[in-house]
Amino acid sequence: MTEETKAAPTGVDKSVERVSLDPTANEMLDIAAARGIETVFSRAASMKPCTVGAEGSCCKLCAMGPCRITGKGKDEKRGLCGATLETIAARNIARSIAGGAAAHSDHGRDVALMLKAIGEGEIEGFSIKDEVKLYKVATYMGIETDGKSILEVARDVGDKALQQFGQQTGELVYIDRAPKKRQQLWRKLNVVPRGIDREIVELMHRTTPGVDQDYESILDASVRAALGDGWGGSMLATDLQDIVFGTPVPVRSSANLGVLKEDHVNILIHGHEPILASVILDAARSPEMIELAKSLGAAGINIAGICCTANESLMRQGVPPAGNMLHQELAVLTGAVEAMVVDVQCIFQGLADVASNFHTLLVTTSPKAKIGGSGLHVEMDEHKPLEAANSIVRQAVENFANRPTDPFIPTAQSPLVAGFSHEYIRYMLGGKMRASLRPLNDNIINGRIRGLAAVVGCSNARTPQDVGVVHVVRELIANNVLVVVTGCAAITSGKHGLLTPETMEFAGEGLKEVCETVGIPPVLHVGSCVDNSRILTILSDVVEEGGLGEDISDLPAVGISPEWFSEKALTIAAYVAGSGGHVIFGGVGSPVAGSEILVDYMTSGWEERYGGKLEFLSDPADIVTSALDAIDSARAALKIDVAQERVLFDMDMRRELDV
Ligand code: NFS
C-alpha cells in the first residue's frame, strides 16, 4: 500500500485503520497501489497540508506578501499593510464563501436560462414536468398567471429568476419564505441579500486589499452573500429543476461501485447539473444506442452517478450512485468504465491521469470546466443538448471494444430509498388533501422525536472516508433524532445501508415508532447540495406549523457536515448559521483556527447576533455530543424537555454495518 494508514478519530470504531470505512475503497486502492497509479488518497498520504494556510493565517491577496502570521505573539503581528490576523482569516473564509455561493448560484442561473428557453420554445427535448410547482413558484414570485399558457408562465418565471441574479436593490423574493421573525432580524442587521450576484461581487470587493478591514463587517457581508445562495441561487436551482425535471418522490436504487455492470457499457455521470444527466439518460435509452451496444457484444448500457449529478438523477430517475466524491477515481480504477462524463464542480483534475491508465474516456461538457489532459471535450449546446449527448453515448458504446480483459468490479452495493422532496415529506405526513408537517411537530413536541438533524456535505481525503458521516448518522437516529441527508453524505449513507426502512432497527424507540407509523426510514435523502435549500424550506415550514417557537433558531435542530472539503460547504454553513441554525463541521479543523477571535466570533458572536453558529469539531463523538446538547437546550427553552439518556450505538450495531 502506498497510502499511509490513518488512525480513526477517537470516539469512533478503532478497528477502522485504513483510509476508508468502505472496504470497496480499500480494495480499489490496493489495485491503484499495485499498478502504481496515484490517487487523491495516495497524494493525501505523501503531501501534508500547509498548516499556516489551513488555519487561515496566510494572506496572499497582494504582491507584498504572502504574509504569514504565525508563532508566539501572533495576535500582535500584522501583515505588511497592517492587516490583523482576524482581518486576514476573515478575508480568507469570506472569499471561500463567495466562491461557494458563486458555484451554487451559477448553477441556478443555468437552470433559469434553461427554463426561460423552454418557455420560449428554444430548447429541444425538454418540457415542464411539474406544472403544479411552476404555478406555486410563480405565486412566490408574484407573477400574474391568468390568461397565460404554461410556456408563457415558464418564460416569466425564468425571467424573474434571472432578474434575481442581477437585481441591484431591494430584497430577493424568496426572503419572504423565511419565518417572519427571521426576516425582521435580517433587516435589522442589514444582511438581506439585494441581488445574488451583487452580494458575491461586493464580498470580493470588500476583501480585496485595503477595503473592509473589520472582521465583523466582513463576516456580515459573507452571511449576506451566503443567504443570497441559500435563499436565492440554490433555492432557485432546486425549484426550477423540480419544474423541469420533476419534483422527487420516493424511489428505490442502490449505491456503491457494485452498481457497475461487467456485461454492460458503463457510463458514469459526474458533477452537479441534472441537465447533463437527463440528456445522457435519454440518449442511452434510445433503441438505436442499445442496439449498437448489443452489436458490439454488450448486454446494454448502464448509467451510474458520482457526486451531486448522482443525487440529482437518483432523486428523479433512480439512477444508482456509484459513490461519493472520493469514489470518482476509484470507479475508473475498475477498468470497467467506458466514459466518465462530467459537467461542473468537485471533478478532480487527477481523474485525467487515472483515466489515462485505462480505456476510460474522460469527457468534459461544460464551457466553464475543461480539464487539461482530458481526452475529450464535447460541449453541450444548451439549445440542442441531446445532440452532444448522442455523440458522447455513441463514443462510449464504441469504446466498449477497448475495455481491458481483466476489469475488476467490486460486488458491494447497498439498497436504498431516496426521493424525499419537502413536498413529498408534507404529503407523506399529512396525506394528499391535508399535506402538512403537523405530525412531525407533534412528535417533536411529545418527545418521540428528540430533534432534527441535517447531515450534509462532502468526503475528504484528509480523514478516513465515511467514518464521520456513518458514526454521526447512526448515533443520532439511535438517540431519536430524525435525520435528513444531502450531497455526498447522502451517498455515504446509502453505501452503508442507512437509507432503507430497515435502518429503523437502529433507531431509538420513539423515532422507530414514528417511522413505523408513517412508513418512512429514519434517514431521509432529500437531494443534492443545492437541495439544502429544501432543508431551509422544511425548517421554515416547521416554524410556521406552530408549537416550536417563532424562528429557525428556536428549533431543536442541527446541521452537520462531518467530512467537509469544499468551499461550497462553507457557504452552506454560513447561510444555515445566518438563518439561525447550529452548524457543526467535522473532519479537518476550522479554516480560521489561527485566529481565536474569529473562532469565538463565529460561535458565540454569531449565536448572539444570528441565533446560529458554526463550530468545528474533528472527533465525530464530540459532534454527536454537541448536536444532542444543542437539541436538548432548544427543547428546554421551548419547555418541551423530557430527560433522555444518551444512547451509544454498540459494537454489535457497528459490525452490522452493511457495505
Ligand atoms: Ni456538495 Fe456536491 Fe460532494 Fe461536497 Fe462536492 S459533490 S455540491 S461539495 S463533494 S457534497
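I began with the second largest pocket, whose lining I found to hold 10 nonpolar, three polar and eight charged residues, where Ala, Val, Leu, Ile, Met, Phe, Trp, Tyr, Cys and Pro count as nonpolar, Asp, Glu, Lys and Arg as charged, and the others, Gly among them, as polar. The model is predicted, with local features needing pLDDT of at least 70 and side-chain atom pairs pLDDT 80 or more, while totals for chains, interfaces and linings use all residues. Residues are numbered from 1 along each chain as its sequence is written, and side-chain values use heavy atoms, without hydrogens and water.

I noted 21 lining residues for this second pocket, with Asp-110, Glu-273, Ile-275, Met-380 and Glu-382 nearest its centre; a pocket is an open set of points on a 1 Å grid over the protein atoms alone, where a 1.4 Å probe fits, with protein on both sides within 12 Å along at least five of seven lines, and lining residues have an atom within 4 Å of a point. Its space is about 480 Å³, a volume being the space filled by probe spheres set on the points, which are joined across faces, edges and corners.

I looked up where the second largest pocket sits: domain 1 (85-245) and domain 2 (257-402) both contribute to its lining, so it lies between them, the bounds coming from an automatic or database domain assignment. H4 supplies the largest share of that lining, five residues; helices are DSSP runs (H or I, at least four residues) numbered from the N terminus.

I then turned to the largest pocket, which holds about 1,200 Å³ of space. Among its 35 lining residues, Pro-49, Cys-50, Gly-53, Ala-54 and Trp-564 are the closest to its centre.

Key:
Helices (H or I, at least four residues) and strands (E, at least two) are DSSP runs, numbered from the N terminus.
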